[in-house]
Amino acid sequence: MMSITVKEISKQFGDNTALNQVDLTIKEGEFFSLLGPSGCGKTTLLNIIAGFLPATTGSVSINGKDVTNLPPYQRKIGMVFQNYALFPHLSVFDNVAYGLKVKKMSKKAIKKKVEEVLKLVHLEEFTKRMPHQLSGGQQQRVAIARALAIEPSVLLLDEPLSNLDAKLRKEMQTELRLLQQRIGITTVLVTHDQEEALSLSDRIGVLGDGHVKQVDAPLTIYRQPKNRFVAEFIGQVNIFEVEAGMDGTFAAKHHKVAKNQALLLESAYDLDTNNEDKSLMMLRPERIQVAGAKGNKESNEVEVTVVHTNYIGDSLRVHASLAEQGDLLLHISDTVFEEPPQPGETLYLYWNSTDIIPLADKE
Ligand code: ATP
């Protein structure tokens with residue numbers, strides 16, 4: 001098992017800065033996801049770790065050893081790509097055996113290893129099949145087996161499940177996580193799918209515009225995002241730009257409940273407003289609750305008008321507006337309403353002060 005350290009990595013493609021001074025440490029045995037929107041530099045970073053791309057500046061170490069100038073085959077990495085990249089003219093057995101033959105292992109040792117890794121991915125019965133005789137999920141399991149056959153120090157996965165349909169993808173996610181835990185291999189997954197990253201990872205590194213925006217465990221990333229970028233990229237969110245109000249409350253600058261009267265928020269957490277002209281707080285839509293009648297508190301309660309609703313099975317996504325200015329997004333469990341609220345309907349909402357989360361960064 002190996003750790004990976006990326007130090008001050010930058011990558012220029014002509015004028016385009018794909019990565020800008022990226023520092024990351026991926027711990028031994030960890031399942032780490034690089035998550036971010038399209039074009040943020042995830043694949044570029046993975047390829048630099050693998051050695052397929054040189055960095056413009058910075059260094060990569062695997063288990064303390066500087067590998068910046070080593071070619072991929074000397075880094076002991078196993079790599080799985082989005083398109084599987086299986087050899088179409090080779091059987092499952094020969095696909096998995098490929099890297100071992102290159103290493104000139106004995107036939108007997110190759111057979112033993114191939115059988116062992118195919119068993120790990122539950123494909124031991126499929127050795128003679130050709131890739132086109134396999135489902136997408138099975139092909140991806142062959143690709144994973146092939147990557148594991150060479151006994152890599154680290155496993156690098158570039159969107160390996162994105163070609164699979166939603167149901168198979170979920171099954172493969174569970175399988176991948178169980179497999180990784182069984183063999184304990186340090187794994188880096190590139191994905192733009194937040195749910196995949198949240199459900200699989202020990203830690204997630206969120207990338208945006210070539211920068212690392214936050215590195216944390218899934219729960220922390222979701223509940224305590226550091227900045228607007230992470231809050232908005234992971235799940236849906238209401239963000240308030242606030243200024244300190246009266247009695248420990250905060251006035252949401254762009255959310256007015258009546259003429260010149262700001263929506264008042266109360267947070268259970270401290271917000272350092274010293275010398276700041278802008279502070280951000282967030283409220284997740286599923287933390288908002290619906291009351292039967294108008295409340296009588298100044299803060300953390302509001303009357304809204306439904307603009308539109310989306311029913312998505314387990315919940316309703318409701319887009320609502322305040323009387324004067326501003327929008328709120330709320331997710332209501334399917335169990336709350338007999339019938340979804342209609343556009344124009346009035347709802348009375350409230351939330352707890354523990355659900356108003358200050359963001360550490362001002363952007
Ligand atoms: P996606 O999720 O769409 O695959 P990504 O986060 O993996 O995106 P990268 O593929 O790493 O993003 O690309 C980061 C940036 O670098 C993008 O702006 C991309 O256009 C640019 N880029 C990547 N490879 C090259 C290249 N070979 N030449 C020029 N620009 C490149």
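## Overall architecture

The protein contains eight helices and 20 strands, where helices (H or I, at least four residues) and strands (E, at least two) are DSSP runs numbered from the N terminus. Along the principal axes, its C-alpha atoms fill a box of roughly 80 × 50 × 35 Å. Of the 363 residues in the protein, 47% are buried; buried means under 20% relative accessible area, exposed over 50%, and partly exposed in between (1.4 Å probe, protein chains only).

This is a predicted model, in which local features need pLDDT of at least 70 and side-chain atom pairs count only at pLDDT 80 or more, whereas totals for chains, interfaces and linings use all residues. Residues are numbered from 1 along each chain as its sequence is written, and side-chain values use heavy atoms, with hydrogens and water left out.

## Ligand site

A polar backbone atom of Gly-39 is 2.7 Å from a ligand oxygen atom, and a backbone N or O atom of Gly-41 lies 3.0 Å from a ligand oxygen atom. In the side chain of Lys-42, an N or O atom is 2.8 Å from an oxygen atom of the ligand. The protein covers 58% of the 630 Å² of accessible area that the ligand has on its own, as given by the Shrake-Rupley method with a 1.4 Å probe.

## Helix α3

Helix α3 (residues 107-120) has 14 residues and reaches 20 Å from its first C-alpha to its last, close to the 20 Å expected at 1.5 Å a residue, that span being 1.5 Å times one less than the number of residues. Ile-110, Lys-113, Val-114, Val-117, Leu-118 and Leu-120 are buried in α3. Seen down the helix axis, these buried residues fall within an arc of 145°, so they line one face of α3; the arc is that of the directions from the helix axis to the C-beta atoms. Lys-108, Lys-112 and Lys-119 are exposed on the other side of α3.

## Leu-271

Leu-271 is placed in the loop between β13 (261-265) and β14 (279-283). Its relative accessibility is 15%, and Leu-271 therefore counts as buried. The C-alpha atoms of Leu-271 and Ile-4 are separated by 35 Å, with the two residues 267 residues apart along the chain.

Key: Polar contact = N/O pair within 3.5 Å; in protein donor to acceptor, adjacent residues only side chain to side chain.
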